[in-house]
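This short report is meant to be read beside the sequence and the model. Please look at both before going on to the sections that follow.

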Amino acid sequence: MSKRDLKKYLNELNKEQLEEQILELYEKFLPVKVYYNFVFNPKEETLLQECKLKISHEYFPLQNKGKRKKPKMRRSVAQKYIKHFILLGVDPFVIADVMLYNIEIAQTFSSENIIKQELFYKSMFNSFEQASKFIISNGIISEFKSRLIAICDEASSQKWKNVADFKTTIELLED
């Protein structure tokens, strides 16, 4: 069904029928329920804190019975939150904050641990590039430029093999 056909169909329904359909969608489909719950009660700060906690546990997991769990270091956890936040229409400042926080916590971890997986560094650069593009496209570069530069400087001080890629991205921001 095309969007045009859907509009035509919806125009034929009366108010009660529309309400019934929306309620049915709300009850049947979790994404619809999540969307409406967010729209009518947008607790962005709570979502942000919850998200940051999950991301930090990827690198610094909670200890279990005195034993330290092995960090999973999955970029995908942050990516799921970012995608979810974009779908919900969360404020771009919050999304950009999550994007940069993900890289910053990974850098904190790598400053304390030796990481041999080349994929880690490539993944962090991909996140950095994605965050830079998102920040530029939303016109919020002035608010986040210092954090982007700090991430690049940290990659340099930790002697990441792909630091040149970070520097190239920063140079593009300078233009």
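## Two loop residues with positive phi

In this predicted model, Met 73 sits in the loop that runs between helix H4 (44–59) and helix H5 (75–88). The phi angle of Met 73 is near 55°, which is a positive value in a residue other than glycine.

A second residue of this kind is found in another loop, the one between H8 and helix H9 (163–174), where Lys 159 lies. Although Lys 159 is not a glycine, its phi is positive, at about 60°.

## The packing of H6 against H8

Helix H6 (residues 92–112) packs with helix H8 (residues 141–157) at an angle of about 20°, and the two axes are 11 Å apart. Because angles under 35 degrees count as roughly parallel, H6 is roughly parallel to H8. The crossing that H6 and H8 form is left-handed.

On the H6 side, the contact is made by Phe 93, Ala 96, Asp 97, Leu 100, Tyr 101, Ile 103, Glu 104, Gln 107 and Ser 111, while H8 contributes Glu 143, Phe 144, Arg 147, Leu 148, Ile 151, Glu 154 and Ala 155. Sorted by class, the residues in the contact of H6 with H8 are nine nonpolar, two polar and five charged.

## The largest pocket

The largest pocket holds about 200 Å³ of space, and its lining is made up of Lys 54, His 57, Glu 58, Pro 61, Leu 62, Lys 69, Lys 70, Lys 72 and Arg 74.

Notes: Residues are numbered from 1 along each chain as its sequence is written. This is a predicted model: local features need pLDDT of at least 70, side-chain atom pairs count only at pLDDT 80 or more; totals for chains, interfaces and linings use all residues. Side-chain values use heavy atoms; hydrogens and water are left out. On a 1 Å grid over the protein atoms alone, a cavity is a set of points where a 1.4 Å probe fits but cannot get out, and a pocket is an open set with protein on both sides within 12 Å along at least five of seven lines; lining residues have an atom within 4 Å of a point. Grid points are joined across faces, edges and corners, and a volume is the space filled by probe spheres set on the points. Axes are lines fitted to C-alpha atoms, for helices over the stretch in contact, and angles run from 0 to 180 degrees between N-to-C directions. Helices (H or I, at least four residues) and strands (E, at least two) are DSSP runs, numbered from the N terminus. Angles under 35 degrees count as roughly parallel, over 145 as roughly antiparallel, 65 to 115 as roughly perpendicular and the rest as oblique. A crossing is left-handed if the near helix is turned anticlockwise from the far one by less than a right angle, and right-handed if clockwise. Contact means heavy atoms within 4.5 Å. Ala, Val, Leu, Ile, Met, Phe, Trp, Tyr, Cys and Pro count as nonpolar, Asp, Glu, Lys and Arg as charged, and the others, Gly among them, as polar.
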